[in-house]
Amino acid sequence: MYLLLGASGVGKTLLVKRLQKLCSKDGSRDLGEPPPTLPTVGTNLTDLLIQKKITIRELGGCMGPIWSSYYGDCSSVLFMIDAANPTQISSSCVQLLSLLSAEQLASASVLILFNKIDLPCYMSLVEMKSLFRIQDIISCANQPITVVETSARDGTGLPDVLQWLRSTLKDPS
Ligand SMILES: Nc1nc2c(ncn2[C@@H]2O[C@H](COP(=O)(O)OP(=O)(O)OP(=O)(O)O)[C@@H](O)[C@H]2O)c(=O)[nH]1
Ligand SMILES: [Mg+2]
């Protein structure tokens, strides 16, 4: 089971809808207009066929306080950040550090997604990442961490996400 976490509105539901489309049989590269999403209240399960069937469980941002109750059956974590919203940096950082230090996720593979890179932001991605201290986080964490930049809206970076999902299948952690 893969867990998809991140603050409300960062784009988790849109990401899984996009990945589902890319993995479907008619998986055309042309994603088209983004389908509408509603805030996820509770959890949202999506199956994807990537060599074999995998299940991604999105936990709504509003479920933050009880995310940890889902850590038990999770082998890999996707943590999404809104790269166009600097006001969420500190809260997202706390959430990320808390999940990285969770005993149950000690051997999980982790993918950090900086999403919404299609949007203009007065802060550059480099500045965002340095405020996040992403390099320090990666070097201090026990888990293997991969960072990708995505736009669930226009599809940038989504092949990298699929590639990471595939790589986790080879590594039986
Ligand atoms: N411009 C832009 N908008 C995006 C992107 N990804 C998501 N959005 C928009 O952001 C809004 C929130 O997206 P959701 O996917 O519902 O967010 P979520 O993370 O699932 O939120 P919760 O379920 O409340 O935790 C929607 O209007 C999306 O269309 C992106 O990469 N770029
Ligand atoms: Mg959602």
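Is Gln-51 buried or exposed? With 9 C-beta neighbours inside 10 Å, Gln-51 counts as exposed. Here a residue is called buried if 20 or more other C-beta atoms lie within 10 Å of its own, exposed if 12 or fewer, and partly exposed in between, with C-beta atoms placed from the backbone.

Before we go on, a word about the model. It is predicted, so to speak of a local feature takes a pLDDT of at least 70, side-chain atom pairs count only at pLDDT 80 or more, and totals for chains, interfaces and linings use all residues. Residues are numbered from 1 along each chain as its sequence is written, while chains are lettered from A and ligands numbered from 1 in the order in which they are written.

**Around the ligand**

Let us visit ligand 1. It is surrounded by 21 residues, and the closest are Gly-11, Thr-37, Thr-40, Gly-61 and Arg-153; a residue counts as near a molecule if its C-beta atom, placed from the backbone, lies within 6 Å of it. Helix α1, residues 12–23, gives the most to this shell, with three residues. Helices (H or I, at least four residues) and strands (E, at least two) are DSSP runs, numbered from the N terminus. By type, the shell holds six nonpolar, 11 polar and four charged residues. Ala, Val, Leu, Ile, Met, Phe, Trp, Tyr, Cys and Pro count as nonpolar, Asp, Glu, Lys and Arg as charged, and the others, Gly among them, as polar.

**Two annotated threonines**

An unreviewed UniProt entry places the feature "binding site" at Thr-13 and Thr-40. They span 28 residues in sequence, yet no two of their C-alpha atoms are more than 7.5 Å apart, so they gather at one spot. UniProt positions follow the numbering used here, feature names are shortened, and annotations may be inferred rather than shown by experiment.

Thr-13 sits in helix α1, whereas Thr-40 belongs to the loop between α1 and β2 (43–50). Contact means that two C-beta atoms, placed from the backbone, lie within 7 Å. Leaving aside neighbours within four places in sequence, Thr-13 is in contact with Thr-37, Thr-40, Asn-44 and Glu-58; on the same terms, Thr-40 is in contact with Thr-13, Glu-58 and Gly-60.

| Residue | Other C-beta atoms within 10 Å | Class |
|---|---|---|
| Thr-13 | 21 atoms | buried |
| Thr-40 | 18 atoms | partly exposed |

**Positive phi angles**

Most residues other than glycine have a negative phi. Gln-51, in the loop between β2 and β3 (52–59), has a positive phi near 65 degrees. Lys-116 has a positive phi near 70 degrees and lies in the loop between β5 (109–115) and α3 (125–132). Lys-116 counts as buried, with 22 C-beta neighbours inside 10 Å.
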